[in-house]
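Please look through the sequence and the three-dimensional structure shown here before reading on. The report that follows takes up a few parts of the fold in turn.

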Amino acid sequence: MRAAVQRAYGGSQVLTLEEIEAPTPGPGEIVVQVEAAPVTQADRRLREADFPGVTWLPRRLMAGVLRPRYRVPGVNFAGRVSEVGDGVVRFAPGDRVVGATFSGAFAEKICVSADGPVVPLPRTLSPEPACGLPYGLGTARAFIQDWAQVRSGERVLIVGASGVIGAYAVQLADHAGAEVHAVTRRDDDDGRLRDLGAREIFRVPPERRYDVVFDTTGTLSFRACRSRLTSSGRYLTLYLTVGILLWMVWTRLRPGPRALFGVVEDTADGLEQTLGLAADGAVRPLVDSVLPFHALRDAHDRLAEKPTGAVVVRIGAASAPASAA
């Protein structure tokens with residue numbers, strides 16, 4: 001089977017398409033014929049060994065100190081089950097699924113645990129938009145719904161709203177009934193963000209009071225925005241630093257605004273909740289572009305151009321919505 005292989009850290013040139021042996025399922029495992037896989041910022045970080053702040057050492061140990069530990073990259077996928085191992089009752093050959101993994105998605109086939117973060121593909125979604133939801137929408141859902149617990153009537157500021165996670169955060173906050181304000185540096189993105197649910201759009205964060213500030217860019221610290229938060233306000237960031245850890249401890253012990261951070265874990269329940277938001281129409285899947293497998297390097301390079309949705313690589317044949325299958 002064809003697979004992307006990475007033997008060193010670096011730019012997109014370290015990725016090569018090669019023929020490798022196809023996986024076979026062991027007990028409790030399934031083999032998925034991959035139809036589509038997104039190229040995410042997580043993939044870029046793993047490709048470059050770009051692990052910021054205090055996460056550098058543990059993540060480098062997990063990924064490989066001198067070279068990648070796992071030769072086939074790719075962390076999310078959508079496809080069709082082709083084989084099942086002994087003891088698997090949750091899935092059968094032919095089932096369409098969406099899943100998350102630490103590596104191996106940029107291949108024609110991937111073998112994963114049937115009890116891991118892999119769930120049925122909703123019939124209203126196609127593989128191409130669905131495969132990008134676990135990273136973008138899943139991350140935004142954890143921050144906006146689980147940790148910030150945004151409520152109707154609250155005022156929410158999304159910094160970096162034009163990015164993939166930020167744009168999903170705008171939709172989720174609007175779906176919760178919040179008044180959403182967005183910060184973006186793109187002059188031509190106002191109409192798109194308003195369509196996603198932003199009431200007001202700014203180039204720099206305004207001096208106003210907010211119930212929630214979600215910084216997806218790492219440019220607005222908790223110290224800088226404390227004066228912008230209400231007494232019960234919550235500040236969230238995607239970037240783990242020593243500073244945010246100290247602020248989390250400090251604000252937990254004292255009344256007033258809270259600093260929050262969390263690590264998004266891929267679970268089957270979490271994936272089902274994430275996909276359900278899109279399947280039910282609460283959130284619109286965002287796809288920037290769909291490229292063929294042989295253009296995997298181009299898909300990685302596209303990340304540097306700040307895409308407005310998922311950059312997807314079509315690995316299997318072009319696919320119709322699952323409901324039409």
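## A buried loop residue

A residue counts as buried when its relative accessible area is under 20%. The model described here is a predicted one, and in it alanine 49 has a relative accessibility of 10%, so this residue counts as buried. Alanine 49 sits in the loop between helix H1 and helix H2 (56-63), and its phi is near 55°, a positive value in a residue other than glycine. Most residues other than glycine have a negative phi.

A positive phi also occurs at glutamine 149, where the value is near 50°. Glutamine 149 belongs to the loop between H4 and E8, and with a relative accessible area of 47% it is partly exposed.

Helix H1, which covers residues 41-48, contains arginine 47. Is this arginine buried or exposed? Arginine 47 has a relative accessible area of 5%, and therefore it is buried.

The side chain of arginine 47 is joined to that of histidine 300 by a polar contact of 2.7 Å. When neighbours within four places in sequence are left aside, the residues in contact with arginine 47 include Gln6, Tyr9, Ser12, Leu15 and His300.

## The parallel sheet

Six strands form an open sheet with parallel pairing, and their order is E10-E9-E8-E11-E12-E13. At the edges lie strand E10 (200-202) and strand E13 (258-260), each of which pairs on one side only. On average, neighbouring strands of this sheet are turned by 15° against each other, direction ignored.

Within the sheet, strand E8 (residues 155-159) pairs with strand E9 (residues 179-183) in the parallel sense over five bridges, and isoleucine 158 stands opposite alanine 182 in E9.

## Helices across the sheet and against each other

Helix H4 (residues 133-147) lies across E8, strand E11 (210-215), strand E12 (229-237) and E13, and it runs at about 155° to E12. Helix H5 (residues 164-175) lies across E8, E9 and E11, running at about 170° to E8.

Two packed helices are described by the angle between their axes and the distance between the axes. H4 packs with helix H9 (residues 268-279) at an angle of about 100°, with the axes 9 Å apart, and the two helices are therefore roughly perpendicular to each other. Among the residues that meet are Leu133, Leu137 and Arg141 in H4, and Leu271, Thr274 and Leu275 in H9. By class, the contact of H4 with H9 has seven nonpolar, five polar and one charged residues.

Technical notes:
Residues numbered from 1 in each chain as written. Predicted model: local features only at pLDDT ≥ 70, side-chain atom pairs only at ≥ 80, totals over all residues. Heavy atoms only, no water. Pairing = 2+ DSSP bridges. Helix = DSSP H or I, 4+ residues; strand = E, 2+ residues; numbered from the N terminus. Axes fitted to C-alpha atoms, helices over the stretch in contact; angles between N-to-C directions. Contact = heavy atoms within 4.5 Å. Buried < 20%, exposed > 50% of the residue type's maximum accessible area, 1.4 Å probe, protein only. Polar contact = N/O pair within 3.5 Å; in protein donor to acceptor, adjacent residues only side chain to side chain. Parallel < 35°, antiparallel > 145°, perpendicular 65-115°, else oblique. Nonpolar A, V, L, I, M, F, W, Y, C, P; charged D, E, K, R; others polar.
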